[in-house]
Amino acid sequence: MATTTCNFNLNLNLVFHGMHPKPMTWPTCAPTLSRRGNGVASLVVTRAIDANEFLGDFGARDPFPAELESSFGDKVLGYGNTEHRILIPNISALSLSQQDCAPVSPSQPPISEHDAQMLVRKVVGWRLVNEEGGHKLRCLWKLRDFKCGVELINRISKVAEAAGHFPNIYLEQPNQVRAELWTTSIGGLSMNDFIVAAKIDEIKTSDLVPRKRVWA
């Protein structure tokens, strides 16, 4: 049986998604001739592939000479006298509780029902009610006893006084407090109502509500 030895180079170009390794040139190798059961001969080439060579360079690279000459590092990192500023977010980026109430003109229209439905999602425990031809915000608290109800009213009063916008507060039954917010000068809701509702949400009430029973 005659054996034929052939030398050849195999160029394999690999293109990965997002990666472009350099083309690999397979070195000269001696193939082996094998025969299958059906009498067909096949040429088999075996070569160990270096993983780093196959996958390419995934890490950081050294800068090119042209990049070094351009002093790109100074442009990226900044100079020693670079001025750094902390930008204060505008009102739209602040939460409602961080905003301040603003004067409301009697000629200003109330917030539409659609906008009110969107804003009420930002205040916890408050719901939108329609009474006397206008929308209001209402919130109920179930408290431990009468004294806790009075204490909550005092805490709400301090928040409302600091904000300059006052809700109607009712002590109902021995242990229930109801608060309602709306802007009487425009006959409906203004942004001030949602701001004060958000500020009231931040009042600590864990020491005023009924204690949960713990079963052994």
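Two exercises with worked solutions follow, both on the predicted model shown above.

Residues are numbered from 1 along each chain as its sequence is written. In this predicted model, local features need pLDDT of at least 70 and side-chain atom pairs count only at pLDDT 80 or more, while totals for chains, interfaces and linings use all residues.

**Exercise 1.** State how many helices and strands the protein has, and in which pattern they follow one another.

*Solution.* Begin with the count, which gives six helices and eight strands, where helices (H or I, at least four residues) and strands (E, at least two) are DSSP runs numbered from the N terminus. Then read along the sequence, where the pattern is β-β-β-β-α-α-α-α-β-β-α-β-β-α.

**Exercise 2.** Work out the strand order of the open four-stranded sheet, name its edges, and find which helices touch or lie across its strands.

*Solution.* First, the order is E5-E6-E8-E7 with antiparallel pairing, two strands being paired if DSSP finds at least two bridges between them. Second, strand E5 (127-131) and strand E7 (168-172) each have a single partner strand, so one side of each is left without a neighbour in the sheet. Third, five bridges join E5 to the antiparallel strand E6 (residues 134-142), and Leu128 stands opposite Leu137 in E6. Finally, helix H5 (residues 146-163) packs on the sheet, touching E6, E7 and strand E8 (176-181), with contact meaning heavy atoms within 4.5 Å. The direction of H5 makes about 175° with that of E7, whereas helix H6 (residues 191-201) lies across E6 and E8 and runs at about 10° to E6; axes are lines fitted to C-alpha atoms, for helices over the stretch in contact, and angles run from 0 to 180 degrees between N-to-C directions.

Note on methods. Side-chain values use heavy atoms; hydrogens and water are left out.
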